[in-house]
Amino acid sequence: MANCRTYWHNGRTGTTGITGLTKNMEEISFSSQLLQYAITGVTIGSIYAMVAIGFNIIYNVTEAINFAQGEFVMLGGLVMVFLRVAVNIPVIFSLPLTIMLVTMVGILLDRLAIKPLSKPSVLAMVIATIGASFFIRGAAMMLWGKNPFDLPPFSGRNPISFLGAVVQPQGLWVVGFLLVVVVVLTLFFDRTILGKALRACAVNPSASSLVGINVKHMVLVSFALSAAIGALGGIVITPISLMEYDRGAMLAVKGFSACVLGGIGSFPGAVTGGLLIGLIESLGAGLVSSGYKDVFALLLLLFVLFVRPSGLLGNAEVSKIRKF
Amino acid sequence: MKANRSVGKGAVCLLAAVVLATFILIPVVQVSAAEAYKVGAVFSVTGRASFLGDPEKKTAVMLQEEINKKGGINGHPLELVIYDDEGDSTKCALAVRKLISRDKVCAIIGPSLSGLSLAVLPEAEKHKIPLVSCAASYKIVTKNPETGEQWKWVFKTPQSDSMAAEAIYTHMKKHGISKIAILSVTTGFGASGRSELLRLAPQFGMTIVADEKYGPKDTDMTAQLTKIKGLAPQAIVNWSIGPTQVVVVRNWKELAMTNATLYQSHGFGSRKNIELAAGAAEGVYCPLGACNIAEVLPAAHLQKKVTMEYLKAYKAKYNEAVSSFGGHAWDALALVTKALGAVGSDKAKIRDYLENLKGFVGQHGVFNFSPKDHNGLTKEAFQMVVVKNGDWALTD
């Protein structure tokens, strides 16, 4: 027994015999466990929040849901793997390059699938994005195959211990990038002409075009922007969860739930919704039952929709005049 | 006038005779040029289970080429009709019906998934056609779990989940482990493994302190593992396939849970998984079939030759590593080929031959079929291996 354990727990010394094993067992207190659930929840929730923000940007301008949003996330991860691992470009260059490439895909999506629509109703746009999502997924399968890919984390794999819980360095990057996205988007929508024009389209497209805003251009900008944010989400999550061609759909479902929970169209709502869903999943899995963790998030979503159909932070007045 | 008429009659008779003769002769000519043996295959080549179907299809195609290059089966070329079910049970059922009624194959290999195999086995039974499944669940071959009665026309090549669970528990018992936690993915594969682990636990004196689950596309299992860490088991058994099993290994390493030995199911059997785990898989145990560990098998091992040949040929043709799943397809097609060579393309004879086949050395074990066992393998078809220096190493 003592013999075999030395190679089982490779590199660990100081344990002799079975009693030694039990004494040295790393213990974890309940409060550390709670903290660990919270850390995990916030990390995953940040990704959901990024996907939800992407949904919101396009929704605000077009009132349509972009079903290819999850595909942007998947592309972000896989393009980054290609540039970082296959071409071996350092993160500092490959990250912006990946975002640019996926943004191009977003622009193409608008030019090839959305703009040619002769009667751009919400339903037509939604169906166009569903078609595009199948196409992008199929193309990714052709290009990358079906196996999952790994991306080296930005700053090593050594976890950081924190009050008995562990934090993956990549988790900090995920949360950090969410903060960057929130700050940059806030500045963009509040301080720049382009951002204000996008907001104007969100409020009233026909009035916007009357004051000289090209609504079609704004739709293009919204697709480019949400592709960029989706790509960033994919890039930062891949070192944690790996990435394969068909993962986008699941992330899109979670992101959409976050979006609806927080109030569709609201950016603070998207962040709140994303983090809440992440936390509930993680706490539910840890404290109640891991088999039903998705149920808890969906129950909360249903409950919120019963009480406040416009979502947690959505504007009830606005949601009444929305088409969708 | 009379003579004329009889000449006309003669001409008509002659014409009829020629036409008849051609009708009768043409098939005869075809047979003498060795009619191809048609074998059907249904794999999940694309879709959610493509990691199973893709190597299975590649293996089957490779094996078919090898057989035909050597002159076929007793002079008959082997014709393989492969359909992709995309992991969808409706498409799978359609493909099987198409193989039976339109392609008129004499045997079917596949499907890749247990759920789909269960869905199509009534078709095989109804049309009396041998079906050699490449999916693991024991339910595929067992008609009545109480009496152990087997489905008449259905066989399968992969080891049952219960054998993997037995192999893991036997190893644990030998190393004094009795307090364990179970992690499983909420797919058919995970659920089947989980139920076998729970069922067999009392027999091996295992106490299960946690029974956690996660979804097949989940991004992180830290929450489940944190809960397990709080319960301090001696070992964790994880039962899943695809990227999640790699994420579990990484989370286990990050949470510094090396005091709880991690056992993976046989689904972990690809070097790609060790690679993807990026160093975190060191010290992880799993039960594997011989085909996963051909290089580390001792030279005297019964399966050494057949597994090494497959490994080299596959690597040369596709430039990728073999996986367990390709091995299951190899076993299935090689079994059918052997039966065709021995008894020809008669469906009932193929079935009877397979049912009584003994000592067939395949990729995943030495098959000994019997009317009571349409899988033909025991838990000895699994070797316990440990990940050491980024590769598999045999362990006792």
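A residue is called buried here if 20 or more other C-beta atoms lie within 10 Å of its own, and by that criterion buried residues make up 49% of the 324 residues in chain A of this predicted model. The secondary structure of chain A comes to 14 helices and 2 strands. Of the contacts in chain A with a separation of 6 or more, 74% are accounted for by residues 24 or more positions apart.

One helix pair in chain A can be followed in detail. Two packed helices are described by the angle between their axes and the distance between the axes. For helix 7 (residues 169-191) and helix 10 (residues 215-241) of chain A, the angle is about 170° and the axes are 9 Å apart. Because angles over 145 degrees count as roughly antiparallel, helix 7 of chain A is described as roughly antiparallel to helix 10 of chain A. Helix 7 of chain A brings A:Gln170, A:Trp173, A:Val174, A:Phe177 and A:Val181 to this contact, while helix 10 of chain A brings A:Ile229, A:Leu232, A:Val236, A:Ile237, A:Pro239 and A:Ile240. Sorted by class, the residues of this contact are 10 nonpolar and 1 polar, with no charged residues.

Between the chains, the contact takes 41 residues from chain A and 35 residues from chain B. On the side of chain B that touches chain A, the elements giving two or more residues are helix 2 (50-69), strand 9 (207-214), helix 7 (222-231), helix 8 (243-254) and helix 9 (271-276) of chain B. Helix 7 of chain B supplies the largest share of that side, 7 residues. By class, the side of chain B that touches chain A has 11 nonpolar, 14 polar and 10 charged residues.

Within chain B, helix 4 (residues 114-127) has 14 residues and reaches 20 Å from its first C-alpha to its last, close to the 20 Å expected at 1.5 Å a residue. After helix 4 of chain B comes B:Lys128, whose phi is positive, near 50°.

How values were computed: Residues numbered from 1 in each chain as written. Chains lettered and ligands numbered in written order. Predicted model: local features only at pLDDT ≥ 70, side-chain atom pairs only at ≥ 80, totals over all residues. Helix = DSSP H or I, 4+ residues; strand = E, 2+ residues; numbered from the N terminus. Expected span 1.5 Å × (residues − 1). Axes fitted to C-alpha atoms, helices over the stretch in contact; angles between N-to-C directions. Parallel < 35°, antiparallel > 145°, perpendicular 65-115°, else oblique. Contact = placed C-beta atoms within 7 Å. Nonpolar A, V, L, I, M, F, W, Y, C, P; charged D, E, K, R; others polar. Buried ≥ 20, exposed ≤ 12 C-beta atoms within 10 Å, placed from the backbone.
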